Amino acid sequence: PLGVFALLAQTFASQGFAAFPPLASYVVAAVAAMALHVAGTYALLLKLAGLSVQRFAAKIRTVMAFAFSTSSSNATIPVTLETLENALGVRNRVAAFVVPLGATVNMDGTAIMQGAATVFIANAYGIDLSLGDLVTVVATATLASIGTAGGPGAGLLMVALVLNQVGLPGEGV
């Protein structure tokens, strides 16, 4: 938090509050995309599996709170395993295989953040991205999120890879 504060203080000291609206639009866009993903994609998958969205959400509340507070997929694994086995009745053999795999490969929030950050950085530099560039951003962010470590802030490092694929400067990170 202190490092982020220092970076933001430096930005606002050099650019003034004119830097706030674009930064706020990035945050709103990323959070809205993640909320839409959770409310749309995950809700649809739960319905297709015949599970109640409300019941499922109530049972994984602890997992979600822990994941939010640690910002780490890997740190959440033990809590997720316990919740799946005890609250949702998933067999240990299944949970022990699926949860670590999902924590490593299914990093949707990271992919969304990387895509939104790339578009934000392109706008900050005044560079228009073509439709082909946007498709490249989606594909690269998805692949980069799969290869991203499950620790806090690791996805931010992979943004440079996504930027590079569409010719944006890595300094934008």
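**A guided tour of selected helices**

Helices α4 and α5 are roughly antiparallel to each other. The model on the screen is predicted.

**First stop: α4 and α5**

Select residues 61-70, which form helix α4, and residues 77-86, which form helix α5. Two packed helices are described by the angle between their axes and the distance between the axes. Here the angle is about 175°, and the axes lie 9 Å apart. Since angles over 145 degrees count as roughly antiparallel, α4 and α5 therefore receive that description.

Next, display the side chains where the helices meet. On the α4 side, select Thr-62, Val-63 and Phe-66; on the α5 side, select Val-79, Thr-80 and Thr-83. By class, this contact has three nonpolar and three polar residues, and no charged ones.

**Second stop: Thr-118**

Move to helix α7, residues 108-124, and select Thr-118 within this helix. Is Thr-118 buried or exposed? Its relative accessible area is 0%, so Thr-118 is buried. Leaving aside residues up to four places away in sequence, Thr-118 touches Val-137, Val-159, Val-162, Leu-163, Val-166 and Leu-168.

Finally, colour the two residues by accessibility. Tyr-26 has a relative accessible area of 19% and is therefore buried, whereas Phe-120, at 24%, is partly exposed. The cut-off for buried is under 20%.

Methods: Residues are numbered from 1 along each chain as its sequence is written. This is a predicted model: local features need pLDDT of at least 70, side-chain atom pairs count only at pLDDT 80 or more; totals for chains, interfaces and linings use all residues. Side-chain values use heavy atoms; hydrogens and water are left out. Axes are lines fitted to C-alpha atoms, for helices over the stretch in contact, and angles run from 0 to 180 degrees between N-to-C directions. Helices (H or I, at least four residues) and strands (E, at least two) are DSSP runs, numbered from the N terminus. Angles under 35 degrees count as roughly parallel, over 145 as roughly antiparallel, 65 to 115 as roughly perpendicular and the rest as oblique. Contact means heavy atoms within 4.5 Å. Ala, Val, Leu, Ile, Met, Phe, Trp, Tyr, Cys and Pro count as nonpolar, Asp, Glu, Lys and Arg as charged, and the others, Gly among them, as polar. Buried means under 20% relative accessible area, exposed over 50%, partly exposed in between (1.4 Å probe, protein chains only).
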